[in-house]
Amino acid sequence: MPNATRAPNTPFFTPANSPGAALFPTSPSTPTLFRPLTIRSLTLKNRIIVAPMCTFSCEPDATSPAAGALTPFHTAHLGHLATKGVGMVMVEATAVLPAGRISPQDSGLWQDAESEQLRGLRGLVEFVHSQGCAVGVQLSHAGRKGSTVAPWLVPREEPNNHGNTQETKQQHGQGQAAQPPRRTRGSLKADAASNGWPDKVAAPTGGESMKWAPGEDAFCTPHELSIPQVQEIVAAFARSARLAVSAGVDVIEVHGAHGYLIHQFLSPVTNRRTDCYGGPFENRIRLLCEVLTAIRGAIPAETPLFLRISATEWLETAPVSAETGSWDVESSVRLAMLLPGLGVDLLDVSSGGNHKDQQIQPHSKYQVSLAGKIRRAVRDAGLELLVGAVGLIREAEAARDIVQGADVASVGEVGEEGEGGMKGTQGPDADVVLIARQFLREPNWVFAAAKKLNVPVSLPLQFGRGLL
């Protein structure tokens with residue numbers, strides 16, 4: 001029996017795998033969901049991405065060399081999904097500075113040279129690549145939502161049927177592997193005894209009124225960032241991106257959503273500055289533009305750059321919006337028009353997370369529709385920007401329909417929305433789907449979707465017979 005082909009550039013033996021790749025990718029019967037997508041020099045074997053999910057599973061002591069480093073848990077968690085056919089896994093929100101973490105247990109990437117952080121990330125990348133799967137990392141700074149404890153350390157009560165879906169998202173953001181939504185009682189704040197940094201929590205605008213929950217002791221009171229501190233954060237994003245690429249990461253994503261620092265700068269709700277980083281739209285997007293420019297200059301030209309935003313804060317009818325205005329879909333469309341010029345290849349469209357009074361009515365299309373609106377505006381303007389949809393994508397048919405007809409082979413080849421009867425209609429809502437919690441419930445989702453959609457796909461050699 002001949003030897004199996006070895007996975008390239010892997011320091012351990014595993015046969016070369018590419019599970020989840022369509023056996024007939026150019027066949028007219030293969031839906032867009034299972035067609036490859038090329039972004040700069042990277043080709044995804046399908047349009048299915050594991051969205052970033054915080055797992056709060058890193059060393060919490062910032063003075064330890066292992067602080068923020070990925071562990072065998074993360075390789076088992078994301079590596080398992082790589083064996084199950086996804087096109088790319090995104091590493092959870094990864095802090096660019098120790099004080100930029102959401103919780104002490106967060107992933108981080110701020111240590112230079114051959115650090116534990118770099119070794120942990122490189123080990124994950126090596127395994128995921130052996131499965132023919134790409135790896136992205138989401139770089140983040142929590143801002144005023146920092147120094148909070150892991151969600152399972154907070155006392156909780158049973159759901160009270162009022163705002164349950166929103167509450168967990170408000171506290172920690174949408175893309176995470178969290179406990180079922182429950183009403184919180186007790187503090188979320190991580191004090192110094194819990195490896196927190198309550199005196200270093202920062203925001204565009206500081207003070208008691210800028211706490212996540214003003215008047216309560218459950219969150220830290222942020223201080224206002226000075227311009228030199230803002231510039232240090234820009235440099236930190238660039239450094240972390242450069243480190244990620246040195247570890248073999250394929251895609252860098254900037255986290256500009258869910259009420260974390262960049263989102264806080266974008267929104268007039270949380271940005272009350274009067275300097276060059278506050279006030280009109282052009283000033284409020286300045287930090288994001290500087291971060292994107294710095295990262296684009298720090299990574300190879302062939303490395304794709306993604307951005308996640310909250311397309312709306314769901315505050316249009318809230319009292320705070322009447323006072324200050326809010327970040328809404330029109331703001332997001334306006335921003336999207338600028339992104340190709342900043343070197344961004346894909347806009348990952350989420351929503352919410354910046355204010356406790358947000359009014360979300362979740363349903364299967366609530367964020368998909370936002371993605372579709374932005375994508376159509378960008379395409380109508382003739383711009384080259386891919387769009388990703390995320391949120392409550394559970395069924396194979398729904399994922400298929402979101403991207404059906406998005407058959408552009410790569411960035412730079414924007415053309416007609418060809419297949420699936422989409423020409424002459426509104427076209428697809430997105431170019432890729434990002435799925436998070438459904439993979440926790442159903443790790444085998446890609447293979448199940450392929451079977452439901454009648455798409456023959458490759459299987460992992462080691463246990464493919466069990467999936468036939």
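Figure 1. Trp-314 is buried, with a relative accessible area of 19%. That value counts as buried because the cut-off is under 20% relative accessible area. The model shown here is predicted. Trp-314 sits in the loop between β10 and α8 (319–324). Its phi is near 60°, a positive value in a residue other than glycine. Most residues other than glycine have a negative phi.

**Figure 2. Ser-147, a loop residue with positive phi.** Ser-147 is not a glycine, yet its phi is positive, at about 55°. The residue belongs to the loop between β6 (134–140) and α3 (164–172). Ser-147 is buried, and its relative accessible area is 0%.

**Figure 3. Ser-107 and its surroundings.** Ser-107 is in strand β5, which spans residues 107–108. With a relative accessible area of 2%, Ser-107 is buried. Which residues does Ser-107 touch, not counting residues up to four places away in sequence? They are Cys-58, Gly-68, Leu-70, Glu-92, Ala-93, Thr-94 and Ala-95. With Thr-94 there is also a polar contact, side chain to side chain, at 3.1 Å.

Figure 4. Tyr-366 lies in the loop between β11 and α10. The residue is buried, with a relative accessible area of 5%. Its side chain and that of Gln-367 are joined by a polar contact of 3.4 Å. Gly-391 is 25 residues from Tyr-366 in sequence. In space, the two C-alpha atoms are 7.9 Å apart.

**Figure 5. Helix α9 and its cover.** Helix α9 runs over residues 329–336. Six of its eight residues are buried, so the helix is largely enclosed by the rest of the structure. Those buried residues are Val-329, Ser-331, Ser-332, Val-333, Leu-335 and Ala-336. Their cover includes the helices α6 (281–284), α7 (286–298) and α10 (368–380). Strands β10 (305–310) and β11 (346–350) are also part of the cover.

**Figure 6. Packing of α11 on α13.** Helix α11 (residues 396–403) packs with helix α13 (residues 445–452) at an angle of about 80°. The helix axes are 9 Å apart. That angle makes α11 roughly perpendicular to α13. From α11, the residues in the contact are Ala-396, Glu-397 and Ala-399. They meet Trp-445, Ala-449 and Lys-452 in α13. Four of the contact residues are nonpolar and two are charged, with no polar ones.

Figure 7. Over residues 159–185, pLDDT stays under 50. Across the protein chain, pLDDT averages 89, and 87% of the residues score at least 70.

**Figure 8. The protein chain as a whole, for orientation.** The protein chain has 13 helices and 13 strands. Of its 468 residues, 59% are buried. How many of the contacts between residues at least 6 apart in sequence join residues at least 24 apart? The share is 75%.

Technical notes
Residues numbered from 1 in each chain as written. Heavy atoms only, no water. Helix = DSSP H or I, 4+ residues; strand = E, 2+ residues; numbered from the N terminus. Buried < 20%, exposed > 50% of the residue type's maximum accessible area, 1.4 Å probe, protein only. Polar contact = N/O pair within 3.5 Å; in protein donor to acceptor, adjacent residues only side chain to side chain. Contact = heavy atoms within 4.5 Å. pLDDT = per-residue confidence, 0-100. Axes fitted to C-alpha atoms, helices over the stretch in contact; angles between N-to-C directions. Parallel < 35°, antiparallel > 145°, perpendicular 65-115°, else oblique. Nonpolar A, V, L, I, M, F, W, Y, C, P; charged D, E, K, R; others polar.
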